[in-house]
Amino acid sequence: MKFIALIIIVIIITCIFYSFRPFINREDVSIANGKETKSTKEDYALQRKIMVEQQIVARGVKNKKVLDAMTSVPRHLFVPERYRHGSYFDQPLLIGSGQTISQPYIVALMTEMLDVDNDDVVLEIGTGSGYQAAVLSTIVKELYTIEIIEELGLQATERLKKLGYDNVKVKISDGSLGWPEKAPFDAIIVTAAAPKIPDPLIKQLKPGGRMVIPVDNNYYSQDLLIVEKDEDGNIVTRNTIPVRFVPLVEGEKSAK
Ligand code: SAH
């Protein structure tokens with residue numbers, strides 16, 4: 001009887017250990033000082049490949065440029081060290097200042113919805129870690145991105161520069177006002193939840209251009225909208241899927 005009880009206890013302890021294993025930080029030692037060893041790099045590249053197949057292709061994203069971008073951009077280098085082991089999990093992650101880097105699938109889906117190409121000039125609102133900016137920058141000609149939290153904006157600027165994403169420009173400001181000096185844009189992507197589509201962004205969209213933006217609905221989440229401006233300047237809006245983003249804050253409020 002005692003023996004059976006002992007075996008049951010061992011089984012329970014083993015189960016508990018394995019269920020916590022993904023959260024135990026195993027890898028970071030090998031990327032101390034920001035230097036990756038060859039094996040860590042290869043390991044992350046493999047995790048990325050699996051992420052693309054199981055989370056992105058499996059859910060219907062097809063655009064080859066988007067899949068190539070998701071396969072090449074090292075997401076783990078956009079995530080704070082303590083969460084790095086979870087970089088390729090099917091979930092958003094904390095990036096500091098109460099903000100998050102979106103789930104990989106949502107990044108891929110929004111990039112595909114934007115339908116951009118290598119001669120496009122694109123604006124992103126909500127730089128965060130700079131990951132979405134890096135993904136887009138591998139596809140488009142120029143990527144302008146605005147972040148309202150100074151600390152995040154500065155970190156992302158540094159990171160993007162270090163990783164060689166040279167066609168990205170970061171500005172620290174209220175993105176709901178857009179970037180008038182660089183307008184008009186072929187496409188605009190908003191990666192924070194807006195109460196409504198900001199007028200300046202509609203104005204700064206080129207005729208024939210499109211915007212992808214999560215807008216608050218009545219269900220404590222947002223509708224992911226595709227907003228298209230036709231050649232005559234008319235706006236057509238399509239609702240796609242429900243999503244959940246951190247809020248787009250107003251400049252004056254956040255400055256306090
Ligand atoms: N695209 C990011 C994740 C976005 S999280 C990435 O790939 O990591 C949303 C970001 O929007 C946060 O960093 C938040 O600070 C920023 N944000 C919120 N309101 C904003 C505003 N009005 N203007 C610019 N950025 C804003």
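A residue counts as buried if 20 or more other C-beta atoms lie within 10 Å of its own. The model is predicted.

**Exercise 1. Overall fold**

State what share of the 256 residues is buried, and how many helices and strands the protein has.

Solution. 
- Apply the burial cut-off to the protein: 37% of the 256 residues are buried.
- Count the elements: there are eight helices and nine strands.
- Turn to contacts between residues at least 6 apart in sequence: 53% of them join residues at least 24 apart.

**Exercise 2. H2 against H3**

Classify the packing of H2 and H3: parallel, antiparallel, perpendicular or oblique?

Solution. 
- Take the geometry of helix H2 (residues 38-57) and helix H3 (residues 64-72): the angle is about 140°, and the axes lie 8 Å apart.
- Roughly antiparallel needs an angle over 145 degrees, and roughly perpendicular covers 65 to 115.
- H2 and H3 are therefore oblique to each other.
- The crossing of H2 past H3 is right-handed.
- H2 makes the contact through Arg 48, Lys 49, Val 52, Ile 56 and Val 57, and H3 through Leu 67, Met 70 and Thr 71.
- By class, this contact has five nonpolar residues, one polar and two charged.

Definitions and conventions
Residues numbered from 1 in each chain as written. Predicted model: local features only at pLDDT ≥ 70, side-chain atom pairs only at ≥ 80, totals over all residues. Helix = DSSP H or I, 4+ residues; strand = E, 2+ residues; numbered from the N terminus. Buried ≥ 20, exposed ≤ 12 C-beta atoms within 10 Å, placed from the backbone. Contact = placed C-beta atoms within 7 Å. Axes fitted to C-alpha atoms, helices over the stretch in contact; angles between N-to-C directions. Parallel < 35°, antiparallel > 145°, perpendicular 65-115°, else oblique. Left-handed = near helix turned anticlockwise from the far one by under 90°. Nonpolar A, V, L, I, M, F, W, Y, C, P; charged D, E, K, R; others polar.
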